[in-house]
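Trainee: Could you go through this one with me, slowly please?
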Amino acid sequence: MDTLTTAFRIKSLCNSRKITIKSLLENTAINRNFMYDLEKCGQSPSADKLERIADYLEVSVDYLLGRTDNPEINQ
């Protein structure tokens with residue numbers, strides 16, 4: 001997993017939707033150090049955290065992981 005890609009996509013989605021990272025993390029009950037851990041420490045996020053973020057941003061987990069360039073959720 002490329003944690004930098006995941007961090008970049010989360011930031012880009014927040015920016016395009018005018019959502020702060022702080023707001024995203026608060027609304028998904030994720031620790032405020034999450035983005036730092038992704039970017040600087042290369043720590044892989046749990047499936048649960050990725051799912052909460054993907055649900056909040058209305059994209060697929062695969063998109064956040066960089067496994068697809070299509071942000072749409074498969075129904």
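Trainee: Where is confidence lowest and where is it highest?
Mentor: This is a predicted model, in which local features need pLDDT of at least 70 and side-chain atom pairs count only at pLDDT 80 or more, while totals for chains, interfaces and linings use all residues. Residues are numbered from 1 along each chain as its sequence is written, and side-chain values use heavy atoms, with hydrogens and water left out. Confidence is lowest in helix α3 (residues 34–39), with a mean of 94, and highest in helix α2 (residues 21–27), at 97; pLDDT is the predictor's confidence in each residue, from 0 to 100.

Trainee: And what is the mean for the protein?
Mentor: The mean pLDDT is 93, and 97% of the residues reach 70 or more.

Trainee: How many helices and strands are there?
Mentor: There are five helices and zero strands, where helices (H or I, at least four residues) and strands (E, at least two) are DSSP runs numbered from the N terminus.

Trainee: Why does 11 Å agree with a compact globule?
Mentor: Because a compact globule of 75 residues would have a radius of gyration near 11 Å, and the protein has 11 Å; the radius is taken over C-alpha atoms, and the globule rule is 2.2 Å times the number of residues to the power 0.38. Along its principal axes the C-alpha trace spans about 30 × 25 × 20 Å.

Trainee: Switching topic, what share of the residues is buried?
Mentor: Of the 75 residues, 32% count as buried, meaning under 20% relative accessible area, with a 1.4 Å probe and protein chains only.

Note on methods. Buried < 20%, exposed > 50% of the residue type's maximum accessible area, 1.4 Å probe, protein only.
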